Number of protein chains: 2
Amino acid sequence: MLKISKKADYALMALQHIATVQFGDVTPGRVVNTKEIAEEYNIPLELLAKVLQTLAKNALIESHNGPKGGYVLARRAHQITIAQILESIEGPLGITDCSHEKDGEFCMQRENCHIRTPLLKVQDSIAQLLNSMTLQDMMGGTPLITIQSPAVQGVER
Amino acid sequence: MLKISKKADYALMALQHIATVQFGDVTPGRVVNTKEIAEEYNIPLELLAKVLQTLAKNALIESHNGPKGGYVLARRAHQITIAQILESIEGPLGITDCSHEKDGEFCMQRENCHIRTPLLKVQDSIAQLLNSMTLQDMMGGTPLITIQSPAVQGVER
DNA sequence: ATGGTCTCCGATCAATAAGGTCGTATTAAC
DNA sequence: GTTAATACGACCTTATTGATCGGAGACCAT
(Lines give C-alpha, C1' and ligand atoms only; values in the text may rest on other atoms or scores of the structure.)
Protein backbone atom coordinates (compact mmCIF):
# COMPACT_ATOMS: atom_id res chain seq x y z
CA MET A 1 0.00 0.00 0.00
CA LEU A 2 0.90 3.64 -0.42
CA LYS A 3 3.10 2.63 -3.30
CA ILE A 4 4.48 5.32 -5.57
CA SER A 5 4.20 4.72 -9.30
CA LYS A 6 7.02 3.41 -11.42
CA LYS A 7 7.13 6.65 -13.33
CA ALA A 8 7.89 8.46 -10.10
CA ASP A 9 10.48 5.82 -9.32
CA TYR A 10 12.12 6.40 -12.68
CA ALA A 11 12.05 10.14 -12.11
CA LEU A 12 13.94 9.76 -8.85
CA MET A 13 16.55 7.51 -10.41
CA ALA A 14 17.02 9.81 -13.37
CA LEU A 15 17.35 12.94 -11.28
CA GLN A 16 19.73 11.25 -8.91
CA HIS A 17 21.85 10.25 -11.89
CA ILE A 18 21.78 13.68 -13.47
CA ALA A 19 22.66 15.28 -10.16
CA THR A 20 25.64 13.06 -9.47
CA VAL A 21 26.95 13.48 -13.00
CA GLN A 22 26.48 17.22 -13.00
CA PHE A 23 27.79 18.03 -9.55
CA GLY A 24 29.98 15.00 -8.97
CA ASP A 25 33.75 14.83 -9.16
CA VAL A 26 34.04 12.90 -12.41
CA THR A 27 32.66 15.02 -15.22
CA PRO A 28 31.03 18.06 -13.68
CA GLY A 29 28.66 20.08 -15.84
CA ARG A 30 28.10 17.32 -18.36
CA VAL A 31 24.80 17.08 -20.18
CA VAL A 32 23.17 13.66 -19.90
CA ASN A 33 20.66 12.29 -22.37
CA THR A 34 17.74 9.93 -22.03
CA LYS A 35 19.42 6.93 -23.62
CA GLU A 36 22.27 6.96 -21.14
CA ILE A 37 19.94 6.82 -18.17
CA ALA A 38 17.68 4.21 -19.72
CA GLU A 39 20.56 1.86 -20.36
CA GLU A 40 22.15 2.43 -16.99
CA TYR A 41 19.05 1.46 -15.06
CA ASN A 42 17.22 -0.77 -17.55
CA ILE A 43 14.31 1.61 -17.94
CA PRO A 44 12.13 1.54 -21.09
CA LEU A 45 13.50 4.39 -23.20
CA GLU A 46 10.27 5.96 -24.41
CA LEU A 47 8.66 5.84 -21.02
CA LEU A 48 11.64 7.49 -19.40
CA ALA A 49 11.52 10.13 -22.13
CA LYS A 50 7.97 10.96 -21.18
CA VAL A 51 8.92 11.22 -17.55
CA LEU A 52 11.80 13.56 -18.30
CA GLN A 53 9.57 15.71 -20.49
CA THR A 54 7.18 16.08 -17.60
CA LEU A 55 10.01 17.03 -15.26
CA ALA A 56 11.21 19.61 -17.77
CA LYS A 57 7.72 21.03 -18.11
CA ASN A 58 7.64 21.46 -14.36
CA ALA A 59 10.95 23.31 -14.43
CA LEU A 60 12.90 20.77 -12.43
CA ILE A 61 15.30 20.13 -15.30
CA GLU A 62 16.21 21.97 -18.49
CA SER A 63 16.18 20.27 -21.87
CA HIS A 64 18.78 20.95 -24.52
CA ASN A 65 17.71 19.91 -27.97
CA GLY A 66 19.70 18.56 -30.89
CA PRO A 67 22.92 16.54 -31.02
CA LYS A 68 24.94 16.55 -27.83
CA GLY A 69 21.72 17.58 -26.16
CA GLY A 70 20.16 16.20 -23.04
CA TYR A 71 19.04 17.31 -19.63
CA VAL A 72 20.53 19.46 -16.91
CA LEU A 73 19.22 20.27 -13.45
CA ALA A 74 17.37 23.55 -13.33
CA ARG A 75 18.44 24.23 -9.76
CA ARG A 76 21.03 23.00 -7.32
CA ALA A 77 20.44 19.54 -5.93
CA HIS A 78 19.70 20.76 -2.43
CA GLN A 79 16.96 23.02 -3.77
CA ILE A 80 14.97 20.18 -5.32
CA THR A 81 12.84 18.33 -2.80
CA ILE A 82 11.53 14.80 -3.09
CA ALA A 83 8.02 16.18 -2.75
CA GLN A 84 8.50 18.38 -5.79
CA ILE A 85 9.71 15.47 -7.86
CA LEU A 86 6.89 13.15 -6.88
CA GLU A 87 4.24 15.81 -7.30
CA SER A 88 5.53 16.64 -10.74
CA ILE A 89 4.83 13.12 -11.86
CA GLU A 90 1.89 11.98 -9.79
CA GLY A 91 0.12 15.21 -9.04
CA PRO A 92 -0.46 16.82 -5.65
CA LEU A 93 -0.08 14.77 -2.50
CA GLY A 94 -3.39 13.47 -1.22
CA ILE A 95 -4.03 10.58 1.14
CA THR A 96 -7.77 10.61 0.58
CA ASP A 97 -10.08 11.69 -2.22
CA CYS A 98 -11.40 14.57 -0.17
CA SER A 99 -7.97 16.08 0.33
CA HIS A 100 -8.20 18.68 -2.40
CA GLU A 101 -11.89 19.03 -2.97
CA LYS A 102 -13.04 22.47 -3.89
CA ASP A 103 -15.69 23.97 -1.67
CA GLY A 104 -19.15 22.75 -2.47
CA GLU A 105 -18.29 19.14 -3.19
CA PHE A 106 -18.06 16.68 -0.31
CA CYS A 107 -16.76 13.15 -0.33
CA MET A 108 -19.71 11.08 0.88
CA GLN A 109 -22.78 13.29 0.70
CA ARG A 110 -22.90 15.24 3.93
CA GLU A 111 -20.11 15.54 6.43
CA ASN A 112 -20.68 12.44 8.51
CA CYS A 113 -17.03 11.63 8.02
CA HIS A 114 -15.10 11.56 11.28
CA ILE A 115 -11.82 10.41 9.86
CA ARG A 116 -11.06 13.35 7.63
CA THR A 117 -9.30 15.51 10.20
CA PRO A 118 -6.92 12.89 11.57
CA LEU A 119 -6.11 11.70 8.06
CA LEU A 120 -5.22 15.20 7.01
CA LYS A 121 -2.79 15.31 9.93
CA VAL A 122 -1.15 12.18 8.65
CA GLN A 123 -0.98 13.70 5.22
CA ASP A 124 0.66 16.85 6.51
CA SER A 125 3.21 14.81 8.34
CA ILE A 126 4.15 12.89 5.22
CA ALA A 127 4.27 16.13 3.25
CA GLN A 128 6.69 17.63 5.75
CA LEU A 129 8.88 14.58 5.50
CA LEU A 130 9.02 14.61 1.72
CA ASN A 131 9.62 18.34 1.65
CA SER A 132 12.50 18.06 4.06
CA MET A 133 14.41 15.64 1.85
CA THR A 134 16.19 16.92 -1.23
CA LEU A 135 17.96 15.43 -4.18
CA GLN A 136 21.25 16.11 -2.49
CA ASP A 137 20.34 13.61 0.20
CA MET A 138 20.34 10.96 -2.50
CA MET A 139 23.64 11.87 -4.10
CA GLY A 140 26.71 9.75 -3.86
CA GLY A 141 28.96 12.43 -2.44
CA THR A 142 26.83 12.91 0.62
CA PRO A 143 27.52 10.09 3.05
CA LEU A 144 25.49 10.99 6.09
CA ILE A 145 23.02 13.72 6.83
CA THR A 146 20.32 14.29 9.37
CA ILE A 147 16.80 15.10 8.37
CA GLN A 148 14.44 17.02 10.56
CA SER A 149 11.64 14.69 11.51
CA PRO A 150 8.06 15.72 10.95
CA ALA A 151 5.78 16.24 13.90
CA VAL A 152 2.16 15.30 14.33
CA GLN A 153 0.76 16.93 17.36
CA GLY A 154 -2.75 17.59 18.44
CA VAL A 155 -4.82 15.16 16.47
CA GLU A 156 -8.36 15.95 17.46
CA ARG A 157 -11.84 14.50 17.07
CA MET B 1 -0.25 10.67 -5.17
CA LEU B 2 0.19 8.23 -2.30
CA LYS B 3 -3.57 7.92 -2.14
CA ILE B 4 -5.09 5.13 -0.11
CA SER B 5 -7.87 3.10 -1.74
CA LYS B 6 -11.54 3.66 -1.11
CA LYS B 7 -11.79 0.27 0.52
CA ALA B 8 -9.24 1.36 3.10
CA ASP B 9 -11.17 4.57 3.51
CA TYR B 10 -14.35 2.61 4.14
CA ALA B 11 -12.53 0.39 6.60
CA LEU B 12 -11.43 3.38 8.64
CA MET B 13 -14.91 4.86 8.69
CA ALA B 14 -16.50 1.56 9.64
CA LEU B 15 -14.05 0.84 12.43
CA GLN B 16 -14.36 4.35 13.75
CA HIS B 17 -18.11 3.89 13.82
CA ILE B 18 -17.99 0.51 15.50
CA ALA B 19 -15.53 1.80 18.06
CA THR B 20 -17.62 4.83 19.02
CA VAL B 21 -20.79 2.75 19.22
CA GLN B 22 -19.15 0.02 21.25
CA PHE B 23 -17.14 2.12 23.65
CA GLY B 24 -19.11 5.34 23.49
CA ASP B 25 -21.53 6.68 26.07
CA VAL B 26 -24.73 6.09 24.16
CA THR B 27 -25.19 2.34 23.69
CA PRO B 28 -22.03 0.62 24.88
CA GLY B 29 -21.49 -2.96 23.85
CA ARG B 30 -23.95 -2.84 20.99
CA VAL B 31 -23.39 -5.01 17.94
CA VAL B 32 -23.44 -3.08 14.67
CA ASN B 33 -24.24 -4.59 11.30
CA THR B 34 -23.12 -3.77 7.80
CA LYS B 35 -26.34 -2.13 6.69
CA GLU B 36 -26.24 0.44 9.46
CA ILE B 37 -22.77 1.60 8.52
CA ALA B 38 -23.49 1.61 4.80
CA GLU B 39 -26.52 3.85 5.23
CA GLU B 40 -24.84 6.15 7.69
CA TYR B 41 -21.95 6.96 5.38
CA ASN B 42 -23.46 6.27 1.96
CA ILE B 43 -21.16 3.36 1.23
CA PRO B 44 -22.18 0.63 -1.26
CA LEU B 45 -23.47 -2.16 0.93
CA GLU B 46 -21.88 -5.16 -0.72
CA LEU B 47 -18.51 -3.47 -1.05
CA LEU B 48 -18.49 -2.53 2.59
CA ALA B 49 -19.46 -6.11 3.43
CA LYS B 50 -16.35 -7.34 1.69
CA VAL B 51 -14.20 -4.87 3.53
CA LEU B 52 -15.61 -5.96 6.88
CA GLN B 53 -15.09 -9.59 5.96
CA THR B 54 -11.47 -8.89 5.28
CA LEU B 55 -11.10 -7.08 8.57
CA ALA B 56 -12.70 -10.03 10.35
CA LYS B 57 -10.36 -12.43 8.60
CA ASN B 58 -7.43 -10.39 9.87
CA ALA B 59 -8.79 -10.57 13.41
CA LEU B 60 -9.43 -6.87 13.80
CA ILE B 61 -13.14 -7.40 14.34
CA GLU B 62 -15.32 -10.37 15.24
CA SER B 63 -18.34 -11.36 13.19
CA HIS B 64 -21.59 -12.57 14.74
CA ASN B 65 -23.91 -14.33 12.38
CA GLY B 66 -27.68 -14.55 12.25
CA PRO B 67 -30.39 -12.05 13.18
CA LYS B 68 -29.21 -9.30 15.52
CA GLY B 69 -25.74 -10.20 14.32
CA GLY B 70 -23.01 -7.91 13.14
CA TYR B 71 -19.50 -6.89 14.04
CA VAL B 72 -17.65 -6.11 17.24
CA LEU B 73 -14.10 -4.91 17.78
CA ALA B 74 -11.74 -7.76 18.55
CA ARG B 75 -9.52 -5.58 20.73
CA ARG B 76 -9.73 -2.27 22.52
CA ALA B 77 -9.63 0.77 20.31
CA HIS B 78 -6.23 1.89 21.50
CA GLN B 79 -4.77 -1.49 20.59
CA ILE B 80 -5.72 -1.22 16.92
CA THR B 81 -3.31 0.90 14.92
CA ILE B 82 -4.03 2.68 11.67
CA ALA B 83 -1.21 0.72 10.09
CA GLN B 84 -2.89 -2.57 10.99
CA ILE B 85 -6.14 -1.44 9.43
CA LEU B 86 -4.61 -0.21 6.21
CA GLU B 87 -2.40 -3.24 5.84
CA SER B 88 -5.35 -5.55 6.34
CA ILE B 89 -7.03 -4.05 3.31
CA GLU B 90 -4.19 -3.01 1.02
CA GLY B 91 -1.44 -5.39 1.98
CA PRO B 92 1.91 -4.59 3.54
CA LEU B 93 3.25 -1.07 3.42
CA GLY B 94 5.69 -0.51 0.58
CA ILE B 95 6.71 2.72 -1.06
CA THR B 96 8.53 0.99 -3.89
CA ASP B 97 8.24 -2.34 -5.63
CA CYS B 98 11.55 -3.49 -4.22
CA SER B 99 10.41 -3.00 -0.64
CA HIS B 100 9.51 -6.60 0.04
CA GLU B 101 11.38 -8.50 -2.59
CA LYS B 102 12.58 -11.91 -1.55
CA ASP B 103 16.24 -12.54 -1.90
CA GLY B 104 17.23 -13.42 -5.42
CA GLU B 105 14.95 -11.03 -7.27
CA PHE B 106 16.06 -7.45 -7.82
CA CYS B 107 14.03 -4.55 -9.07
CA MET B 108 15.92 -3.49 -12.17
CA GLN B 109 18.39 -6.23 -12.99
CA ARG B 110 21.51 -5.50 -11.01
CA GLU B 111 21.77 -3.16 -8.09
CA ASN B 112 22.53 0.11 -9.83
CA CYS B 113 19.74 1.67 -7.84
CA HIS B 114 20.95 4.47 -5.61
CA ILE B 115 17.59 5.54 -4.34
CA ARG B 116 16.58 2.38 -2.55
CA THR B 117 18.15 3.13 0.79
CA PRO B 118 16.80 6.66 1.21
CA LEU B 119 13.35 5.55 0.08
CA LEU B 120 13.33 2.81 2.65
CA LYS B 121 14.05 5.42 5.28
CA VAL B 122 11.04 7.38 4.14
CA GLN B 123 9.00 4.21 4.27
CA ASP B 124 10.10 3.45 7.79
CA SER B 125 9.19 6.92 8.86
CA ILE B 126 5.69 6.60 7.45
CA ALA B 127 5.33 3.17 9.03
CA GLN B 128 6.25 4.57 12.42
CA LEU B 129 3.70 7.30 12.01
CA LEU B 130 0.89 4.94 11.06
CA ASN B 131 1.82 2.54 13.83
CA SER B 132 1.76 5.29 16.42
CA MET B 133 -1.83 6.24 15.66
CA THR B 134 -4.65 4.04 16.90
CA LEU B 135 -8.38 3.83 16.42
CA GLN B 136 -8.82 5.61 19.70
CA ASP B 137 -7.26 8.71 18.22
CA MET B 138 -10.17 8.82 15.80
CA MET B 139 -12.94 8.37 18.31
CA GLY B 140 -15.28 11.13 19.28
CA GLY B 141 -14.56 11.02 22.97
CA THR B 142 -10.92 11.80 22.56
CA PRO B 143 -10.48 15.48 21.83
CA LEU B 144 -6.75 16.00 21.85
CA ILE B 145 -3.80 13.66 21.99
CA THR B 146 -0.15 13.92 21.13
CA ILE B 147 1.50 11.53 18.77
CA GLN B 148 5.16 10.71 18.90
CA SER B 149 6.69 11.96 15.69
CA PRO B 150 8.73 9.59 13.54
CA ALA B 151 12.41 10.22 13.04
CA VAL B 152 14.53 9.85 9.95
CA GLN B 153 18.17 10.11 10.82
CA GLY B 154 21.24 9.12 8.97
CA VAL B 155 20.12 8.84 5.36
CA GLU B 156 23.18 7.67 3.55
CA ARG B 157 24.38 7.21 0.00
C1' DA C 1 -37.63 -28.81 14.98
C1' DT C 2 -38.50 -26.14 11.23
C1' DG C 3 -39.49 -22.36 8.61
C1' DG C 4 -38.15 -17.72 7.71
C1' DT C 5 -35.24 -14.08 8.00
C1' DC C 6 -30.96 -12.01 8.50
C1' DT C 7 -26.31 -12.17 8.18
C1' DC C 8 -21.76 -13.46 6.30
C1' DC C 9 -19.28 -15.25 2.36
C1' DG C 10 -17.32 -16.40 -2.33
C1' DA C 11 -17.16 -15.71 -7.26
C1' DT C 12 -17.86 -12.55 -11.00
C1' DC C 13 -18.11 -8.26 -13.86
C1' DA C 14 -17.18 -3.43 -15.41
C1' DA C 15 -14.54 0.89 -15.22
C1' DT C 16 -10.49 3.14 -14.59
C1' DA C 17 -5.72 3.97 -14.30
C1' DA C 18 -0.99 2.47 -14.92
C1' DG C 19 2.68 0.84 -17.72
C1' DG C 20 4.53 0.55 -21.94
C1' DT C 21 4.89 1.25 -27.26
C1' DC C 22 5.02 3.51 -31.76
C1' DG C 23 5.42 7.11 -35.20
C1' DT C 24 6.23 11.82 -36.40
C1' DA C 25 7.64 16.58 -35.77
C1' DT C 26 11.05 19.90 -34.19
C1' DT C 27 15.43 21.55 -32.94
C1' DA C 28 20.43 22.23 -32.89
C1' DA C 29 25.27 20.87 -33.86
C1' DC C 30 28.55 19.71 -37.49
C1' DG D 1 21.90 19.45 -45.59
C1' DT D 2 22.57 15.66 -42.73
C1' DT D 3 22.60 13.70 -38.37
C1' DA D 4 21.34 13.05 -33.70
C1' DA D 5 18.97 14.40 -30.06
C1' DT D 6 14.46 15.90 -27.62
C1' DA D 7 9.25 17.00 -28.03
C1' DC D 8 4.74 15.57 -28.74
C1' DG D 9 0.77 12.96 -29.41
C1' DA D 10 -1.92 8.72 -30.26
C1' DC D 11 -2.48 4.07 -29.10
C1' DC D 12 -2.51 -0.52 -26.83
C1' DT D 13 -2.16 -3.77 -23.28
C1' DT D 14 -2.58 -5.24 -18.65
C1' DA D 15 -3.49 -4.79 -13.66
C1' DT D 16 -6.02 -2.85 -10.11
C1' DT D 17 -9.88 -0.85 -8.21
C1' DG D 18 -14.69 -0.30 -7.60
C1' DA D 19 -18.90 -2.41 -7.63
C1' DT D 20 -22.46 -6.33 -8.20
C1' DC D 21 -24.75 -10.67 -7.94
C1' DG D 22 -26.30 -15.06 -6.07
C1' DG D 23 -25.86 -18.45 -2.62
C1' DA D 24 -24.49 -20.68 2.01
C1' DG D 25 -24.87 -20.71 6.77
C1' DA D 26 -26.57 -19.21 11.35
C1' DC D 27 -29.89 -17.55 14.55
C1' DC D 28 -34.60 -16.72 16.46
C1' DA D 29 -39.61 -17.37 16.82
C1' DT D 30 -43.16 -20.10 16.60
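**Entry 1: H3 and H4 of chain B**

I began with H3(B) and H4(B), which I note as roughly perpendicular to each other, because their axes cross at roughly 115° and angles of 65 to 115 count as roughly perpendicular. The model I am reading is a predicted one. The axes of H3(B) and helix H4 of chain B, residues 82-90, come within 9 Å. I then looked up the hand of this crossing of H3(B) and H4(B), and it is right-handed. On the H3(B) side I find Val51(B), Thr54(B) and Leu55(B) making the contact, and on the H4(B) side Ile85(B), Ser88(B) and Ile89(B). By class, the residues of the contact between H3(B) and H4(B) come out as four nonpolar, two polar and no charged.

**Entry 2: H1 and H3 of chain B**

Next I turned to H1(B) and H3(B), whose axes come within 10 Å and cross at roughly 75°. From H1(B) the contact draws on Lys7(B), Tyr10(B), Ala11(B), Ala14(B) and Leu15(B), while H3(B) contributes Leu47(B), Leu48(B), Val51(B), Leu52(B) and Leu55(B). I sorted the residues of the contact of H1(B) with H3(B) into nine nonpolar, no polar and one charged. I also note that Val51(B) and Leu55(B) of H3(B) are listed in the contact with H1(B) as well as in the contact with H4(B).

**Entry 3: H2 and H3 of chain B**

I then looked up helix H2 of chain B, residues 34-41, and its packing on helix H3 of chain B, residues 45-57; the angle is about 125° and the axes are 9 Å apart. That angle makes H2(B) oblique to H3(B). The crossing of H2(B) and H3(B) is right-handed. In this contact H2(B) uses Thr34(B), Lys35(B), Ile37(B) and Ala38(B), and H3(B) uses Leu45(B), Leu48(B), Ala49(B) and Leu52(B). I count the classes for the contact of H2(B) with H3(B) as six nonpolar, one polar and one charged.

**Entry 4: DNA strand C**

Which residues are the closest to DNA strand C? I find 21 residues surrounding DNA strand C, with Lys6(A), Pro67(A), Asn33(B), Gln53(B) and Tyr71(B) as the closest. Of the atoms of DNA strand C within 4 Å of the protein, I note 68% in sugar or phosphate, with the rest in bases. I looked up phosphate contacts next: an N or O atom in the side chain of Asn33(B) is 2.5 Å from a phosphate oxygen of DNA strand C, and for a polar side-chain atom of Thr34(B) the distance to such an oxygen is 2.9 Å. From chain A, a polar side-chain atom of Tyr10(A) lies 3.2 Å from a phosphate oxygen of DNA strand C. The elements that each supply at least two residues of the surface near DNA strand C are helix H1 (6-23) and helix H3 (45-57) of chain A, together with H3 and strand E2 (70-73) of chain B. I divide this surface near DNA strand C into five nonpolar, nine polar and seven charged residues.

**Entry 5: DNA strand D**

For DNA strand D I again wrote down 21 surrounding residues, the closest being Asn33(A), Thr34(A), Ser63(A), Tyr71(A) and Lys6(B). Sugar and phosphate make up 63% of the atoms of DNA strand D that come within 4 Å of the protein. What lies 2.5 Å from a phosphate oxygen of DNA strand D? I find an N or O atom in the side chain of Ser63(A) at that distance. Thr34(A) places a polar backbone atom 2.6 Å from a phosphate oxygen of DNA strand D, and Lys6(B) has a backbone N or O atom 2.8 Å from one. I close the entry with the classes for the surface near DNA strand D, which are six nonpolar, 11 polar and four charged.

How values were computed: Residues numbered from 1 in each chain as written. Chains lettered and ligands numbered in written order. Predicted model: local features only at pLDDT ≥ 70, side-chain atom pairs only at ≥ 80, totals over all residues. Heavy atoms only, no water. Axes fitted to C-alpha atoms, helices over the stretch in contact; angles between N-to-C directions. Helix = DSSP H or I, 4+ residues; strand = E, 2+ residues; numbered from the N terminus. Parallel < 35°, antiparallel > 145°, perpendicular 65-115°, else oblique. Left-handed = near helix turned anticlockwise from the far one by under 90°. Contact = heavy atoms within 4.5 Å. Nonpolar A, V, L, I, M, F, W, Y, C, P; charged D, E, K, R; others polar. Near = heavy atom within 4 Å. Polar contact = N/O pair within 3.5 Å; in protein donor to acceptor, adjacent residues only side chain to side chain.
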